[in-house]
Amino acid sequence: MDLAYLLEETGDYRPFGSLEKNIQGIASDSREVKEGYLFVAYKGLKENGHKFISQAVKNGAVAVIGEEKLDILEIPSSVTYIQVKNPRKALALISSAWFDYPAKKLKVIGVTGTDGKTTTSTLIYEILKQAGKKVGLISTVAAYIGNKVYDTGFHVTSPDPYSLQKFLKEMVERGCEYAIVEVTSHAIDQERIGGIKFWVAVLTNITPEHLDYHKTFDLYQKTKMKLFKNVDLAVLNFDDPSFEAIKQTSDAKKIVSYSLKNREADFFTSNIKIDQNKTTFCVGDGDETCLETTLPGEFNISNTLAAISVARFMDIDWESLRKTLNFFYLPEGRLSEIKEGQDFNIVIDFAHTPNALESVLKFLRNQAKGKLIAVFGSAGERDRKKRPLMGLAASKYADLIVLTEEDPRTEDVDEINNQIEKGIREGVEVVRKTNREEAINYAIGVAEKDDWVGIFGKGHEKTINRDGTEEIPWSDKDVATKAVKNRLNKKPSHESVNFKCYKHIHLTGIKGVAMTSLALCLQDMGIELSGSDTDELFVTDEILSRRKIKWMHGFSENNVSDKVDLVITTGAHGGLNNPECLYAKSKGIPVITHAQALGILAENKETIAVCGVGGKTTTSSMIANMLNSAESKPSFAIGVGEIFPLGVAGRYDEAGKCFVCEADEFAVSPGVDNRPRFSFLNPKILVVTNIEHDHPDIYPKESDVLNIYTDFFKRIPEDGFLVACVDNDNNRKVIKNLEVPIITYGFDSSADWVISDYLVNKQGANFVLTDKNQNKYKLNLKVSGKYNIENATAAFIVGQFYQIETAKLIAGLESFEGTKRRFEKVGETKNGALVYDDYAHHPKEIAAVIKMTKELYPGRRLIAVFQPHTYSRTKALLDDFAQSFNEADKAVFMDIYSSAREVKDPEVSSEILSKKVKQYQKEAYYTHGHAETLAWLTKNSQKGDIILTLGAGDIFYLHEKLVSKKDD
């Protein structure tokens, strides 16, 4: 097409070079330029298109349009340059000319507004079709032309000018008389609709939105007003604050208004009745006509009135309108319901502004018999001012708000949600799930009968943008549907793997206690193993060597041999991003996490799981030892170096019925998959020892922890039960309204199994158990402490369920001698101090083990040596840590043992913690690392002292030089 012809309607332009060129195509993206193309360069929000002129020329552009001066551009003389004031407008006008000015051959109806554009546009389209009109539609969801449907792009309401004119051209070719176009403020401001003379302009509403772009609400409103210039009909919302301003500035030949209540409007309503399945109302325009529609909510009556206003202007009769409204259903992603036979309701809606969110939630609140759960976030790199308003709008009606991602682009999701949460009213429960799929799974997982789950912000959209560049395939509908099906079918949320199909499995982080116990189980199944880990000595080195399981030092793709056909990774050392995992995936070798592997081991057995912040390891070890003593051939995988007297922490016996394991609430693979590790378990019997706020890097608030435990407990089957210690406050909160079989235990007299008459000493603990029928059982344990009495009680209840003969049950518990690093007696120092070691790393665990130690050794001086684990936990629980050492005579603090997943936080340290402890007791010391701590203990301990080393890190390395010889 001739270049001069294309430029005819662009107005004032300055050419440099010949206009006698045959243009083969138009592009504003240099990557799309081909030989003979015209390239249009303009300044975008992020990039200046003029920077890409040389690339466009290299790709074959013979002419370029831009706004910058030629002398600062590098354009060959053979390429014509056309300088214009507004390249965006020029692109629209040239695109119109390229497709032979299609808008001039159509009556174009534009629909604009902050909310409701898609519904109103689609409704007008269906009304015109019902009336026999030939019409096309370009909306957020898609373009509808004849019997064809086209995608209109990612996160875009109004397409780029070239695509828009192309759609209009096809409408002309298919004989359309009318074109309906959704029009955004961006499209108006960026001249995307240049070259289009609108016949009718419709306004739904104007509320604050896109202020990141328009800067002020006034400028945003003025941009919208431009659509109402030079039109035959302006349809305005009488109820919207913008009504008078637009009415005064519009030069439309005719202005028609509509209102939900005000009789001064041209079209107004009365006798509104709304329920879940239909809405009825009467419309007054001189006479009164009553209508029925499938559209729910007052906001959709307003949208319907806008469409009716256009239809009546076109003399479409009421009967035709009635037929359309009776059978019209909302466009995709507008209150779209997910129905898979569940006993609660799920809707997906595009609402992403405060006004839209409030309107939809208000409607759902009126429908909900149960709780209303709202899942939403706010888009990154977009209007920040609306974020707290979104939080406020949701908190007016929702019982539970689940904050998540919504196209964060380059912004931090947590920071976006911090801004949303500032607007949320006090008293409304808030849960954060950064990953959108996890958020949807969570909301659907906690929903109960008659609840409503609303998933907002994405609606019909088919992609999600997490890095500012890549559009990743996404569908709220697909994710929600899958979540419901998984819940209804009670399937684990991972793809099942049959370990028997694999000959050689490689484990990253194999020396971790949980990975080692898993390795022992896999070896029992006859599978060849290899592994990798750091080169530091660890408590599992001896066990792995004894079982002849080899491991490599460090992590490298070279560690994954050709024999490996499955890789299992731990959450540490990069988790799923460990180089060995990435290499395996590139070679097509399946990779699963330890949490998934544990779930797979448990699938074919009756699972007995133990959860809680403290006591998981000891309780599950007691249960395993008890079942083993009763010759039940249990399988077990427990995260501890060794269980005494079993000799191993992991075993798999094909003949046994039960599988015993710990159910850990920590993340599957931090930063990659933040689901709780116990998500993959479906226990028949679940023991909960205690629930405390732990892992603040994953669960910022205590309510987050309570919520994930509640969700887990709901998975207990009818023929199983939850064993809960009622001595813990949070346990009582969670089980209060839980509808699953529950058996309680504890020192509290309200328990089903009550502990009494207890005595703890250096040899162990004696106590009496009394059940509901007043049957009494006396037990004598070889391990000491009140918390171990509670742990043994839980194990006893499990044994009762399996009908183990009482004598064997008691014998199994009384033969239990403890585990590695759980109040383990290490030996004596050269100067006669007695050394114990314990894994305790949460304030309440620390306080409990210190208290027990003082009870066992009254009058002896206790030196507690603590190595905090992770900056995030230490910082979040600093005050609790400080008070947990109150009963120690001296408290010594080594540097924080940081996680590989975190960076050093200058706001917290062991030195700061030691100073905090001094507020409660004077004897607190900061000793830095192992060498300095060893020197301090050698100098400051004496015969008769008890040295108690505490922490989940590598503090146990002290024992090598601290203890003269270990007790046998």
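A crossing is left-handed if the near helix is turned anticlockwise from the far one by less than a right angle, and right-handed if clockwise. I wrote that down before opening the model.

**Entry 1: ground rules**

I am working with a predicted model, in which local features need pLDDT of at least 70, side-chain atom pairs count only at pLDDT 80 or more, and totals for chains, interfaces and linings use all residues. Residues are numbered from 1 along each chain as its sequence is written, and side-chain values use heavy atoms, with hydrogens and water left out.

**Entry 2: the whole chain**

I looked up the secondary structure and found 31 helices and 50 strands. Helices (H or I, at least four residues) and strands (E, at least two) are DSSP runs, numbered from the N terminus. The C-alpha atoms fill a box of roughly 100 × 70 × 60 Å along the principal axes.

I then checked burial: of the 968 residues in the chain, 60% are buried. Buried means under 20% relative accessible area, exposed over 50%, and partly exposed in between, with a 1.4 Å probe and protein chains only. Among contacts (heavy atoms within 4.5 Å) with a separation of 6 or more, 67% are between residues 24 or more positions apart.

Two packed helices are described by the angle between their axes and the distance between the axes.

At what angle do the axes of H17 and H20 cross? Helix H17 (residues 513-524) and helix H20 (residues 594-603) cross at roughly 40°, and their axes come within 11 Å. H17 and H20 are therefore oblique to each other. Angles under 35 degrees count as roughly parallel, over 145 as roughly antiparallel, 65 to 115 as roughly perpendicular and the rest as oblique. The crossing of H17 and H20 is left-handed.

On the H17 side I found Ala514, Met515, Leu518 and Cys521, and on the H20 side His594, Ala597 and Leu601. Sorted by class, this contact has six nonpolar residues, one polar and no charged ones. For the classes, Ala, Val, Leu, Ile, Met, Phe, Trp, Tyr, Cys and Pro count as nonpolar, Asp, Glu, Lys and Arg as charged, and the others, Gly among them, as polar.

**Entry 3: H4 and its partners**

I took H10 next. The axes of H4 and helix H10 (residues 298-313) come within 9 Å and cross at roughly 40°, so the two helices are oblique to each other. Their crossing is right-handed. From H4, Thr119, Thr120, Leu123, Ile124 and Ile127 meet Asn300, Asn303, Thr304, Ala306, Ala307, Val310 and Ala311 of H10. The class count for H4 with H10 is seven nonpolar, five polar and no charged residues.

Then I turned to H11. Helix H4 (residues 117-130) and helix H11 (residues 318-327) pack at about 125°, with axes 9 Å apart, and are therefore oblique to each other. H4 passes H11 in a right-handed crossing. Leu123, Glu126, Ile127 and Gln130 of H4 meet Ser320, Leu321, Lys323, Thr324 and Leu325 of H11. This contact of H4 with H11 has four nonpolar, three polar and two charged residues.

**Entry 4: single residues**

Is Thr569 buried or exposed? Thr569, in strand S28 (residues 566-569), counts as buried because its relative accessibility is 1%. Beyond four places in sequence, Thr569 touches residues including Met515 and His594. A polar atom of the Thr569 side chain lies 3.1 Å from the backbone oxygen of Gly575.

I placed His504 in strand S25 (residues 504-508), where it counts as buried at 5% relative accessibility. The side chains of His504 and Ser530 are joined by a polar contact of 3.0 Å. A polar contact is a pair of N or O atoms within 3.5 Å; within protein, one must be able to donate a hydrogen and the other to accept it, and residues adjacent in sequence count only if both atoms are side-chain atoms.

Which side chain makes a polar contact with that of Thr949? The partner is His959, at 3.0 Å. Thr949 is in strand S49 (residues 946-950) and counts as buried at 0% relative accessibility.

How values were computed: Axes fitted to C-alpha atoms, helices over the stretch in contact; angles between N-to-C directions.
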